[in-house]
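Please view the sequence and structure below before reading on.

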Amino acid sequence: MHATNILTSVTHLAPRTRADAFGKRLLLVNGLVLGTVAFVAGIIDLVGVFGGAGPLAQFVGQPVMVGMFEAHCLALLTSVLMLVHRRADGALWNLVGGIMHLVFFTANLMFWQFFVDTSAVPMGTAITAMHLVFLVLEFAAALWRRSEGRAL
């Protein structure tokens with residue numbers, strides 16, 4: 001009887017469909033990539049604003065940079081939540097990941113002049129492209145999981 005319960009528990013953790021497997025793996029990759037980039041960017045923010053070094057050195061002591069630091073902290077927090085909940089049934093966390101990337105992608109485009117002013121256009125292009133790729137993949141995973149009958 002005990003062995004049956006263990007087998008049932010292990011089966012419950014395994015993805016039931018290809019859509020589930022893809023969605024769960026995507027959350028893992030997204031969480032790791034986003035978390036790493038957000039952590040590094042947050043350190044760069046702090047070094048620039050308080051240490052006067054790096055691409056944000058021109059903003060030393062300027063409190064307006066609080067928004068950038070908060071955005072990177074939010075991205076880090078979101079990545080942790082995606083990693084913690086990557087095995088959850090349903091498409092909710094894929095949807096959350098996609099919405100988060102949509103917000104950051106849109107913000108990067110709206111405030112593109114920041115990348116120009118800080119001579120960071122190549123980095124801005126790479127980061128904005130990363131947000132676009134993950135938002136498309138996360139929304140696709142959410143739709144795919146929903147089409148196979150998975151609840152949010």
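Buried here means under 20% relative accessible area, exposed means over 50%, and partly exposed lies in between (1.4 Å probe, protein chains only). The model is predicted, so local features need pLDDT of at least 70 and side-chain atom pairs count only at pLDDT 80 or more, while totals for chains, interfaces and linings use all residues. Residues are numbered from 1 along each chain as its sequence is written, and side-chain values use heavy atoms, with hydrogens and water left out.

A salt bridge is a side-chain nitrogen of Lys or Arg within 4 Å of a carboxyl oxygen of Asp or Glu, and a search of the whole structure finds three of them.

| Salt bridge | N to O distance |
|---|---|
| Asp-89 and Arg-16 | 4.0 Å |
| Asp-20 and Arg-145 | 2.9 Å |
| Lys-24 and Asp-89 | 3.7 Å |

Salt bridges that share partners join Arg-16, Lys-24 and Asp-89 into one network.

The remaining pair is formed by the side chains of Asp-20 and Arg-145, which meet in a salt bridge. Asp-20 lies in helix α2 and Arg-145 in helix α6 (residues 121–147), so this pair ties together parts that are 125 residues apart in sequence; helices are DSSP runs (H or I, at least four residues), numbered from the N terminus. Both Asp-20 and Arg-145 are buried.

Conventions: Helices (H or I, at least four residues) and strands (E, at least two) are DSSP runs, numbered from the N terminus.
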